[in-house]
Every structure is written in C-alpha cells, then in structure tokens.
Amino acid sequence: LQAIRFVNGLADGEPLFEGRGQDKRPPFRKGMTPTEIMEFAVDSLAAAGLEKVQASGLRPERFGTAQGFRFEMTYLTRQGLEGQGTVVGAVVNERLHLIIYSGARAHYYPKYRDHVERLIQSIRLQ
C-alpha cells in the first residue's frame, strides 16, 4: 500500500522499471529536461501497471549537493485504489537519481510523508 524507490544512477537508454517479454518501457535519455523526466516517470509508471497517472507541481529542488527537481503525482491501482506520490531527483554526470515515494492517498501516503521528507533532506550524492 506504500513504497519508496531509490533510483541510483539510471544510465542513458535504461528503463525506470524492468519489463517482461515484449513489454516496452520508455528509456531514460541523458539530455532530458526536468519536464521530460516528469513525463518519463508518468509513462514508466503507467507501463508498470498504474492507471490514470498524472503529475503536477514540477519545481526546482536541491537533491543532495545537486540542483534537481520535485513533482507530485496521483494514480489509481488496477484495483481502483487512489494513490499519491512525490518524486524528487536530479541528473548527475548524465545519470538519473530519483526517490519515488508513493502510497494509498487515504492513509499511508500522508501518514509517512514527514518521515520521507526527512529522508529526502538527508540525501548525499557521491
């Protein structure tokens, strides 16, 4: 009902999530802008099985020592459960670093959001 995912240096051409068989997942491209990365994340989550994925609120944010970005998202699971999420990240040395926090909108997402915010603020890139 909730998840936190760490993407540590996704390289050019790699998908955000692995697919099965003929499942085509969009690849990360090293020259992507924050807007394109937001669209990449939405498309990747939809390809992974979430429905009605929408992102909003794209804005600059520090990610460790790097200048990065943040945005929020909403989605539905295949079972119809409403979810909410936060994505924070940066491209460093042409590799994508992300923290994706998601959870059930009615309970888990708001319950642990402050804990996740402290974790985001503690990030150190090496």
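This is a predicted model: local features need pLDDT of at least 70, side-chain atom pairs count only at pLDDT 80 or more; totals for chains, interfaces and linings use all residues.
Local features require pLDDT of at least 70 and side-chain atom pairs count only at pLDDT 80 or more, while totals for chains, interfaces and linings use all residues. Residues are numbered from 1 along each chain as its sequence is written, and side-chain values use heavy atoms, with hydrogens and water left out.

The chain holds 2 helices and 5 strands. Both kinds of element are DSSP runs, numbered from the N terminus: helices are H or I with at least four residues, strands are E with at least two. Read from the N terminus, the order is β-α-β-β-β-β-α. The radius of gyration is 14 Å, close to the 14 Å from the globule rule for 126 residues, so the chain is as compact as a globular protein of that length. This radius is taken over C-alpha atoms, and the rule is 2.2 Å times the number of residues to the power 0.38. Along the principal axes, the C-alpha atoms fill a box of roughly 40 × 40 × 20 Å.

Of the 126 residues, 40% count as buried. Buried means under 20% relative accessible area, exposed means over 50%, and partly exposed lies in between (1.4 Å probe, protein chains only). The chain exposes about 7400 Å². Carbon and sulfur atoms supply 48% of that area. Accessible areas come from the Shrake-Rupley method with a 1.4 Å probe; for residues, only the protein chains shown count as cover. The chain carries 17 positive and 14 negative charges, and their mean positions are 4 Å apart. Lys and Arg count as positive, Asp and Glu as negative; His and the chain ends are not counted. Each charge is placed at NZ of Lys, CZ of Arg, CG of Asp or CD of Glu.

Two backbone angles deserve mention. Most residues other than glycine have a negative phi. Lys52 has a positive phi, near 50 degrees. Lys52 lies in strand E2 (residues 51–63) and is exposed, at 66% relative accessibility. Asn93 also has a positive phi, of about 50 degrees. Asn93 sits in the loop between strand E4 (82–92) and strand E5 (95–104). Its relative accessible area is 71%, so Asn93 counts as exposed.

The count of aromatic pairs comes to 3. Rings of Phe, Tyr and Trp (its six-membered ring) pair if their centres lie within 6.5 Å; planes under 30 degrees apart count as stacked, over 60 as edge-to-face and the rest as tilted. One of the pairs joins Phe28 and Phe40. It is tilted, at 6.2 Å centre to centre and 55 degrees between the planes. Phe28 belongs to the loop between strand E1 (2–10) and helix H1 (34–47), and Phe40 to helix H1, 12 residues apart. Phe28 is buried, with 0% relative accessible area. Phe40 is buried at 3%. Tyr101 and Tyr109 form a stacked pair, with 5.1 Å between centres and 20 degrees between planes. Tyr101 is buried at 3% relative accessibility, and Tyr109 is buried at 2%.

Contact means heavy atoms within 4.5 Å. Among contacts between residues at least 6 apart in sequence, 44% join residues at least 24 apart. Leu98 is buried, with a relative accessible area of 2%. Not counting residues up to four places away in sequence, its partners include Arg5, Phe6, Leu16, Phe63, Phe69 and Val87. Leu98 and Phe6 are 92 residues apart in sequence, yet their C-alpha atoms are 5.8 Å apart.

Arg5 lies in strand E1. It is partly exposed, at 33% relative accessibility. Neighbours within four places aside, Arg5 contacts Phe17, Leu98, Ile99, Ile100 and Ser102.

Ala66 is found in strand E3 (residues 66–76). At 14% relative accessibility, Ala66 is buried. Beyond its neighbours within four places in sequence, Ala66 contacts Glu61, Ala90, Val92 and Leu125. Ala66 and Arg105 are 39 residues apart in sequence, and their C-alpha atoms are 29 Å apart.
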